[in-house]
Amino acid sequence: MRILIRNGRLVDPASGRDAPGELLLADGRIAALDGEARGASAEQVIDAQGLVVAPGLIDLSARLREPGYEFKATLESEMEAAVAGGVTSLACPPDTDPPLDEPGLVDMLRRRAKALARARVYPIGALTVKLEGARLTEMAELAAAGCVAFSQANVGITDTQVLWRALQYAATFGYSVWLRAEDRWLAGGGVAHDGEVATRLGLAGIPVFAETVALATLIELVRATGTRVHVCRLSSAAGVELVRAARREALPITCDIGIHHAHLSEIDLGYFDAQCRLDPPLRSRRDREALAQALADGTIDCAVSDHTPVDDDHKLLPFGEAEPGATGLELLLPLTLKWGGERRLGLAQTLARVTSEPARILGVGAGRLAAGAPGDVIVFDPDAPFRVLPGALKSQGKNSPFLGYELAGRVRSTLVAGRVVYAQP
Amino acid sequence: MPRNPQLNARGELQHLLSIEGLPREILTQILDTAESFVGVTEREVKKVPLLRGKSVFNLFFESSTRTRTTFEIAAKRLSADVINLNIATSSQSKGESLLDTVANLSAMQADVFVVRHASSGAPFLVARHVKPHEHVINAGDGRHAHPTQGLLDLYTIRHYKREFGGLVVAVVGDVLHSRVARSLIHGLTTLGVPEVRVIGPQTLLPAGVEALGVRVFHDMSAGLRDADVIVMLRLQNERMTGALLPSAQEYFMKYGLTAEKLALAKPDVIVMHPGPMNRGVEIDSSVADGPRSVILPQVTYGIAVRMAVMSIVAGN
């Protein structure tokens, strides 16, 4: 099947290209651009007049909730949400039930995802058995089953001996380890940023140093072991500074933020809005500003949706009892565009944070528009407005702090491996 | 920021969820109304018909004797029907959610829900989901607010001091976990008290408490100097089990109110306590029972204040 996308504005974040052109897909890959593509015959032609053609988004954290939490979301619902949001590759953290700590579970997840033939799914294996932070998982077996990295999801390892050994073992075989930086003792019991708003609302606080203490430990262990570590979901200005210093020494550390942290702060909790109950918590406006800036200057490599569908039974609760998390797959593109617009960044530079940069961390060939690259492409209208309403979301999770917001950026077509997997009706 | 959920479109009190964000006029209206009810509670026939035919549901998700009783008395003196539900020991332990419980009671034709809950913000969640003619009164939510307690404290201060301008009010103890302190501080700053002090060890003061408009003291003697009002907070026994405090004895040595420390305040100082008291932990018996204590009158005024709140939100 050959598909030609014509008349579009081709934006390739990897090369910085932003110019009109043609794109030909064949045999699951990008076959040619511009002149070579123009005259080619194709079975299907997509007219992208007035639209942007870009690599599909690569989301380094999307919870599909299988296995174990099918009442919150299923692979079917979330894969539809992914492609509707222009996400063509996603990494899913191991905090399923049971956690992804056995090759059989990973294999099953990959088969299920493959059968649905929507976005590409990259499972992240558990770093320790049952995520309990005590015994190492069979990382080589898990890698053979398809795990691209190892993680503890949101559950930290309190025993630093175990953390050290896990990093050493992973480094032995060249595996990446993706970790949150949060000291579980300092964060213990907290539900909101330990600041003015939590004090006013009487919510138990999570201090910034819960992040920096854990981050400092992690940086020292990276220095000792040389392990490639990806720090997930930074939340504070002080955390950004530690990462900046570590990168100056050329330590193999990368990091991301949840895209909502570039837009929201503790102020948005308003009168106990449980939609803003997130993990890590929304911090001060100064922190938000530092995160948005660091994402622009590259200290933060990429933004993720941190997609976490939560059912009403676990969200319609008093703030501290509500389950943390927000749906995100369908909002990653518009929220990234909003961030880039506010920072006055070009479209290529904006999209790099959700395409070529996460591709580099994931070690995959997608995330670029070049002959030979995987045929993962989206066609979208960056200016099309829409209101975030529960009914407009394909995800089974309708939980979002952005409900009611007017955002811009709608996907018209999503192609994975050279096949149209979503077309806006 | 969304509209203050306590007020209706005309700016009148629809629910009482927190003192924070209420205008001075509404606080004054509540205190004035309470004053008119103090007379009622002293009459032989202690009833007025303001809420006749209305149903008040006391929904206590956390156990309480005193607050629940005073709400019950207040509602009965307004001629309402009162239904007490001690949910700490019923449906929630069977797994029913907060909103399901409220929906079921709403189907039984409630007019007022008096809600106490261990989670901060729970009454806000209830208020967002009740019918337009139903009213929610917060009877204490987590560490967040206890607005009727704050109002009765304000009432007591106004009764003894007449004016709020020029006062120095010292709040002593476990501010971190105290909904009483948060409500009172908002009330005092709204009504124009020029100096509100909080006194306690760093472990019992929340992060950035200065943003509430208070001065922080760690030395109790310095904090009590020239105070017009001293509010002692209850110290829960479980605070001694973690890393917040070493012992009740040491706490009393540093932050217990004794006659000696009381002498540093103004001669006409009043001493308040929201109860229940831990004698010998936060307050010495000689002070609790002494001439400067107004702890029992607080309880009496509490009934009038709760009558005022219920009649304002639910009366026509």
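# Briefing on the two-chain predicted model

Of the 316 residues of chain B, 47% count as buried, where buried means that 20 or more other C-beta atoms, placed from the backbone, lie within 10 Å of the residue's own, exposed means 12 or fewer, and partly exposed is in between. Buried residues make up 59% of the 425 residues in chain A. This is a predicted model, in which local features need pLDDT of at least 70 and side-chain atom pairs count only at pLDDT 80 or more, while totals for chains, interfaces and linings use all residues. Residues are numbered from 1 along each chain as its sequence is written, and chains are lettered from A, with ligands numbered from 1, in the order in which they are written.

**Overall build of the chains**

- Chain A holds 14 helices and 18 strands, helices (H or I, at least four residues) and strands (E, at least two) being DSSP runs numbered from the N terminus.
- The radius of gyration of chain A is 21 Å, close to the 22 Å that the globule rule gives for 425 residues, so chain A is as compact as a globular protein of that length; the radius is taken over C-alpha atoms, and the rule is 2.2 Å times the number of residues to the power 0.38.
- Taken along the principal axes, the C-alpha atoms of chain A fill a box of roughly 65 × 50 × 45 Å.
- Chain B has 11 helices and 9 strands, and because its radius of gyration of 19 Å is close to the 20 Å from the globule rule for 316 residues, chain B is as compact as a globular protein of that length.
- The C-alpha trace of chain B spans about 55 × 45 × 40 Å along its principal axes.
- Among contacts in chain A between residues at least 6 apart in sequence, 76% join residues at least 24 apart, a contact requiring C-beta atoms, placed from the backbone, that lie within 7 Å.

**The parallel sheet of chain A**

- In chain A, 8 strands form an open sheet with parallel pairing, in the order β6-β7-β8-β9-β10-β13-β14-β15, where two strands pair if DSSP finds at least two bridges between them.
- The edge strands of this sheet are β6 (57-59) and β15 (302-304) of chain A, each of which pairs on one side only.
- From one strand to the next the twist averages 25°, with axes as lines fitted to C-alpha atoms (for helices over the stretch in contact) and angles running from 0 to 180 degrees between N-to-C directions.
- Strand β14 (residues 253-258) of chain A pairs with β15(A) in the parallel sense over 3 bridges, and I257(A) stands opposite A303(A) in β15(A).

**The two domains of chain B**

- Chain B is divided into domain 1 (24-145 + 299-314) and domain 2 (147-298), with bounds from an automatic or database domain assignment.
- The C-alpha centres of domain 1 of chain B and domain 2 of chain B lie 26 Å apart, and 22 residues of domain 1 of chain B are in contact with 21 residues of domain 2 of chain B.
- On the side of domain 1 of chain B that touches domain 2 of chain B, two or more residues each come from α1 (24-42), β4 (135-141) and α11 (295-314) of chain B, and the largest share, 7 residues, comes from α11(B).

**Contact between the chains**

- The contact takes 26 residues from chain B and 19 residues from chain A.
- On the side of chain B that touches chain A, α3 (98-106), α4 (122-129) and α6 (179-190) of chain B each supply at least two residues, and the largest share, 3 residues, comes from α4(B).

Definitions and conventions
Two residues are in contact if their C-beta atoms, placed from the backbone, lie within 7 Å.
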